[in-house]
Amino acid sequence: MEYQLYKQMKDAAEQRDFLNAKRINRELINLKSIDENGAALFYPAYIQLEHTNKCNAECIMCNHFYLENRGSQDIIPAIVEKLKPILPYCGTIVLNGVGEPFLLRNIVDFLKIYTEYGIKIGTNTNLSFLDNELLTIITKHFTFLNISCDGCTAATYEHIRYRLNFDLFKKNLIKLNKYAPNVKKYLDCVVMRQNINEIKDIVLFAKEYNFRQVRFNMLRVNSYLNNQNDSLRAFINYASSKMQQAKYIAEKIGIEIIVPKECNFSYSNELSILEEKNTIFNLDENINYKQLRLKEKLKGNKLSTDYLNKQVTYYSLSKDQFNPGRHCKWALERCYIDLTGKITTCCFNMFSYFGNLSDEKSNFLDLWNGKLYRTFRKNMLAGKLPYWCSSCELIFREE
């Protein structure tokens with residue numbers, strides 16, 4: 001039956017019946033149509049595709065903080081050409097990467113390609129840039145925006161999102177609500193020492209500006225930044241108490257929030273919370289000094305070499321495997337492709353890639369069902385995921 005569905009899907013795509021092709025592709029995904037060798041009879045229903053790694057911010061938890069756009073570039077158009085054979089089956093493309101997507105000057109050209117195949121468009125953005133032309137594009141082509149916001153006061157927001165302006169951010173939100181009210185908005189907040197005391201206020205802020213959901217995400221510790229003390233793990237009981245307050249407020253005002261799994265439990269006694277509260281100190285006033293020191297230390301590093309710089313191997317797929325007790329929908333039905341054509345499972349794995357579309361003889365279909373991806377799927381269906389998945393909070397969230 002599954003092979004018959006696969007043939008029907010291919011026929012629908014050939015006849016440019018993209019809606020039907022996507023529907024059948026989704027059905028094959030739901031059936032987990034993977035043969036004994038790990039080859040999939042379906043294609044990605046959701047693609048994160050990096051279009052630029054340029055950014056106008058230097059957020060204190062990001063590699064842009066110390067790399068300053070060194071080695072930045074825009075997507076290679078040939079990469080999108082190589083993706084065209086699978087676009088009839090893809091339901092959603094997210095303009096996601098390590099840069100600000102709205103800085104891409106010819107963004108319209110790429111959006112025309114995706115919408116031609118009936119693909120829904122979304123993006124992650126800091127929403128610092130929103131002129132009338134871009135607003136028209138968003139209104140016409142986008143179904144959702146994942147908007148980054150890590151503070152609800154100018155002091156906190158501008159400290160974390162260095163080089164951005166909080167007042168401008170709020171003006172753009174007002175403009176977006178006025179002219180594109182049907183575009184779904186999700187607020188993404190990286191929770192850390194610097195903003196932990198504003199968590200419940202961020203929930204209120206999200207409600208005020210008509211966000212559908214607030215997603216609180218753990219800070220990913222960066223060894224270059226030496227920011228382990230900013231992580232919630234340094235004060236998990238205090239952080240959990242703040243998350244409990246945020247959940248109470250969210251339920252009261254009717255907005256959905258997602259909290260890190262580490263904070264999704266009953267926190268410890270009041271003494272532990274008080275002790276940890278005393279470790280939370282004010283915003284670091286030496287940020288500019290630290291920034292200059294880092295830039296000097298890492299001036300040889302580039303964005304082009306700072307991530308997705310290791311080829312997946314059979315050893316890395318079997319190293320330190322763990323069983324999360326469930327399949328990962330990202331690994332099963334989605335993929336991440338950077339602007340040079342490197343393919344990996346998702347944006348959480350920013351270190352290892354399965355193959356590169358920029359290689360002259362490579363194509364997506366061969367990589368999607370190549371030996372490495374097949375091995376990865378076989379392991380996952382057997383309940384095993386590679387080591388890079390073990391710290392991902394998405395695998396533990398409810399569907």
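User: Which residues of S9 lie on one side and which on the other, and are they buried or exposed?

Analyst: This is a predicted model. In S9, Arg334 and Tyr336 point to one side.

User: How many bridges join S1 to S9, and what is the partner of Ile47?

Analyst: S1 covers residues 46-49 and S9 covers residues 334-337. The two strands run parallel and are joined by four bridges. Within that pairing, Ile47 has as its bridge partner Cys335.

User: Which strands stand at the edges of the open sheet of 10 strands?

Analyst: The sheet has mixed pairing and the order S7-S6-S5-S4-S3-S2-S1-S9-S10-S12. Each edge strand has a single partner, so one of its sides has no neighbour in the sheet. The edge strands are S7 (256-258) and S12 (355-356).

User: At what angle does H6 run to S4?

Analyst: H6 is made of residues 132-141. The helix lies across S3 (120-125) and S4 (142-148). Its angle to S4 is about 125 degrees.

User: How do H6 and H8 pack, and which residues of H8 meet H6?

Analyst: The axes of H6 and H8 (residues 166-179) are 10 Å apart, at an angle of about 45 degrees. That angle makes H6 oblique to H8. The crossing is right-handed. Leu135, Ile138 and Thr139 of H6 meet these residues of H8: Lys175, Leu176 and Tyr179.

User: Are H9 and H10 roughly parallel or roughly antiparallel?

Analyst: The axes of H9 (residues 199-208) and H10 come within 8 Å. H9 passes H10 in a right-handed crossing. The contact includes Ile199, Val203 and Leu204 of H9, and Ala246, Ile249 and Ile253 of H10. The axes cross at roughly 25 degrees, and an angle under 35 degrees counts as roughly parallel, so H9 and H10 are roughly parallel.

User: Asp230 sits in a loop. Is Asp230 buried or exposed, and which side chain makes a polar contact with it?

Analyst: The loop runs between S6 (213-218) and H10 (236-253). Asp230 has a relative accessible area of 13%, so it is buried. Setting aside residues up to four places away in sequence, Asp230 touches Met192, Arg193, Gln194, Leu219 and Phe235. Its side chain has a polar contact of 3.1 Å with the side chain of Gln194.

User: Which backbone oxygens does the side chain of Ser362 reach, and at what distances?

Analyst: Ser362 is in the loop between S12 and H16 (364-368). With a relative accessible area of 15%, Ser362 is buried. Its side chain reaches the backbone oxygen of Asn356 at 2.8 Å. A polar atom of that side chain also lies from the backbone oxygen of Leu357 at 3.3 Å.

User: How far apart are Ser362 and Lys82 in sequence and in space?

Analyst: Ser362 is in contact with Lys82, as well as with Asn356 and Leu357, leaving aside neighbours within four places in sequence. In sequence, Ser362 and Lys82 are 280 residues apart. In space, their C-alpha to C-alpha distance is 9.0 Å.

Technical notes
Residues numbered from 1 in each chain as written. Predicted model: local features only at pLDDT ≥ 70, side-chain atom pairs only at ≥ 80, totals over all residues. Heavy atoms only, no water. Pairing = 2+ DSSP bridges. Contact = heavy atoms within 4.5 Å. Axes fitted to C-alpha atoms, helices over the stretch in contact; angles between N-to-C directions. Buried < 20%, exposed > 50% of the residue type's maximum accessible area, 1.4 Å probe, protein only. Polar contact = N/O pair within 3.5 Å; in protein donor to acceptor, adjacent residues only side chain to side chain. Parallel < 35°, antiparallel > 145°, perpendicular 65-115°, else oblique. Left-handed = near helix turned anticlockwise from the far one by under 90°.
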